[in-house]
Amino acid sequence: MDQVVVKGRRRNAPDDGIDWHRVAYILHLSRALDEMEETRLVPEKKVLYQFSARGHDMAQILLGMQLTGVHDATCGYYRSRPLLLSLGVDPADALGSAMGRVGGYSDGRDIGVVFNYPNRSGPSALPMCGGVGAQYTPTAGWAQAMKYYAETLGRVEYARDIGVVLGGDGSVASNGFWAALTAATTQALPMLFYIEDNGFGISVPSTIQTPGGNIAANLASWQDLQIFDGDGCDPAAAARLTREAVEFVREKRQPALLRLTVPRLQGHSFQDTQTYKSQDLVREEWDRDPLPRLHEFLVPAVMTAEAWDDARQQAENDTELARQAAEARPAADPTTVTDNVFYSGAMQTMGGQHGEGYVAPAGTEVPQPSGARMNMVTAIRKTLEHEMSINERVVVFGEDIGPKGGVHAVTLGLQEKFGGGRVFDTSLSEEGIIGRAVGMALAGLVPVPEIQFRKYAEPATEQINDCGTIRWRTNNRFAAPIVVRMPGGFFKCGDPWHSQTNEVAFVHQPGWQVAVPSNAEDAVGLLRTSLRGNDPVIFFEHRAMLDHAWARRPYPGDDFTLPFGKAKFTRTGEDITVVTWGAMVQRCEDAAEGISADVIDLRTLMPWDRDAVLSSVKKTRRCLIVHEDLGSAGFGAEIAAVVADQAFMDLDAPVSRLTMPDIPSPHNPVLLDWAVPSVERIAARIAALVEF
């Protein structure tokens with residue numbers, strides 16, 4: 001070790017600001033937990049997923065001890081348990097989670113290496129994901145929330161808090177890493193990227209993940225990013241670099257990247273035999289083991305040999321006590337496994353505005369119309385404007401939604417009224433848009449991200465899925481209620497890229513509510529309910545109805561709200577039930593002219609109003625389902641299955657569906673008109689069923 005003197009002390013001298021006794025204890029604790037799992041609990045099949053942190057552990061602990069802000073938050077990955085231990089996670093919770101028992105991170109719903117730690121009195125660990133790289137953009141969202149609270153809302157208590165994300169060298173090839181890096185640097189977010197580089201992504205060398213195998217070197221010229229790089233096995237260097245990196249982000253309110261090289265002393269997971277590594281490489285890695293290096297660094301300079309041994313013995317004792325406590329915990333009651341998919345009255349520990357004391361104003365389902373009829377664009381904008389004026393937590397963002405006002409003009413003028421801190425443009429990254437929204441929601445904001453067209457949500461599929469499952473997979477420890485505005489469907493023409501509906505994909509993502517209003521009045525009520533609610537919502541804005549004359553309605557008032565799961569009968573009759581939503585409502589109404597029919601506008605697909613449909617079918621004894629999406633596995637199939645299952649004996653005709661064929665939306669209007677259910681085709685199908 002070098003003996004360079006820095007500010008009156010040796011460069012390699014122990015930092016007096018660090019509790020090295022605690023570092024030694026937590027490192028021993030982490031090693032003891034790893035060893036117990038590997039030698040006992042995995043062979044006994046009491047732990048089914050095991051990822052050793054040996055080699056990564058010391059530097060993580062030193063990093064965790066720098067997180068002292070009440071609103072600091074970190075998000076790691078499956079090898080981040082040492083960091084969690086440094087934040088104060090109970091070893092019994094950590095081990096119990098690995099064993100899938102009650103208590104801990106998820107009550108057995110998620111694998112035990114996917115951590116979370118809600119902490120209202122100190123640094124928290126945001127809900128981790130199983131997907132590599134999925135942790136980056138939510139952490140950027142948390143950092144952006146810290147900036148929003150401090151700068152836009154003037155909340156000085158957030159002025160030094162930061163977001164810290166952990167990832168391995170393999171994760172720097174992911175979409176999430178680059179999306180977060182772009183957001184953090186262009187928006188000057190207080191975010192630290194901590195890359196623990198062990199040289200391998202499972203078996204793939206880091207040189208295949210990034211040119212030259214050193215992401216810090218490659219990013220040396222990246223604008224507005226401070227780079228720190230060093231040895232994560234050297235106690236002095238790791239302590240200095242983690243402290244300097246955290247201090248930089250905390251003081252400068254700018255992003256930084258800290259890369260520390262560490263050895264992965266065990267396989268990627270317990271099952272990994274590392275046969276892809278040479279014996280010489282394995283020996284070299286063990287020669288870099290930070291545990292004996294820490295011993296050499298601390299004994300006798302900071303602690304005696306007896307104190308070191310005491311720390312090891314205490315850690316081993318505590319590990320055994322944690323095992324006993326974890327094994328004493330039962331598995332969760334299987335009947336509770338469907339709880340906490342959606343908010344059901346018990347408040348989550350962290351995330352969303354309701355946990356921060358928000359109480360929604362009183363609403364009414366009775367519209368109080370005033371003024372001239374307005375189109376859906378104006379109605380949505382007016383609702384956003386009102387809710388933003390009474391709730392400072394609401395933020396709106398996406399591609400082109402600032403000065404341009406969105407490609408459909410829905411957000412026109414909002415940035416001018418509320419400022420760039422609350423209404424802002426983003427980089428062209430749907431992963432970054434949705435991921436950041438998740439982190440902002442976890443920090444208590446109400447993010448309203450816009451995806452320009454339904455098809456463009458595909459790059460954000462992982463973040464959408466992860467967001468919806470947060471409440472369930474943490475068993476109500478966290479929730480991330482966001483409202484995703486998403487235009488889609490045909491307009492004057494169609495095409496495979498801008499005209500997709502495919503609402504059923506979101507219905508199949510657990511935890512998401514899905515709204516599909518057909519007119520301006522319903523759009524107001526459903527959007528207001530979404531913005532005041534406590535669950536993530538997909539708010540689908542059909543392009544054909546945004547300025548359609550039929551969809552125009554008078555503004556129903558600033559208190560108008562609509563519950564999810566309550567359909568509307570736009571026509572009533574006796575001979576047939578027609579179930580539809582979105583742009584097909586107007587066509588079904590026209591097609592039912594002169595026929596005694598119940599026309600049901602579902603308005604929301606998750607949840608959907610089964611009772612309304614079943615009661616109508618039992619009255620009319622016939623059912624036609626009309627939707628724009630493809631027929632195979634479209635949402636109409638779910639409705640048809642429920643009707644057949646629960647109203648079969650009431651039917652006088654087969655349940656029928658009329659949909660688009662299983663093709664993308666065609667561009668030429670002639671082809672489009674043929675593919676999308678028309679008034680004439682709907683009327684013909686109604687007539688055939690009535691005459692059956």
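## Around D72

Leaving aside residues up to four places away in sequence, D72 touches L67, G122, P123, S124, W142, R160, D161, I162 and R250, where contact means heavy atoms within 4.5 Å. This is a predicted model, in which local features need pLDDT of at least 70 and side-chain atom pairs count only at pLDDT 80 or more, while totals for chains, interfaces and linings use all residues. Residues are numbered from 1 along each chain as its sequence is written, and side-chain values use heavy atoms, with hydrogens and water left out.

You will find D72 in the loop between α2 (57-64) and β3 (73-75). Helices (H or I, at least four residues) and strands (E, at least two) are DSSP runs, numbered from the N terminus. D72 is buried, at 1% relative accessibility; buried means under 20% relative accessible area, exposed over 50%, and partly exposed in between (1.4 Å probe, protein chains only).

Two of its neighbours are worth a look for their polar atoms. The side chains of D72 and R250 are joined by a polar contact of 2.9 Å, and a polar atom of the D72 side chain lies 3.0 Å from the backbone nitrogen of I162. A polar contact is a pair of N or O atoms within 3.5 Å; within protein, one must be able to donate a hydrogen and the other to accept it, and residues adjacent in sequence count only if both atoms are side-chain atoms.

## Backbone features in loops

Most residues other than glycine have a negative phi, and most peptide bonds are trans. Here are some exceptions to look up in the model.

V299 and P300 are joined by a cis peptide bond with omega about 10°, and P300 sits in the loop between α11 (290-298) and α12 (305-328). Another cis bond runs from M606 to P607, with omega near -5°; P607 belongs to the loop between β22 (604-606) and α20 (610-620).

For positive phi, turn to I202, at near 55°, in the loop between β7 (200-201) and β8 (204-205). I202 is partly exposed, at 44% relative accessibility. R603 also has a positive phi, of about 70°, and lies in the loop between β21 (597-601) and β22. R603 is buried, with a relative accessible area of 7%.

## Confidence

The protein chain has a mean pLDDT (the predictor's confidence in each residue, from 0 to 100) of 95, and 98% of its residues reach 70 or more. Over residues 1-9, pLDDT stays under 50, and the model has 13 contacts beyond four places in sequence for them. Where pLDDT is low, the predicted coordinates should not be read in detail.
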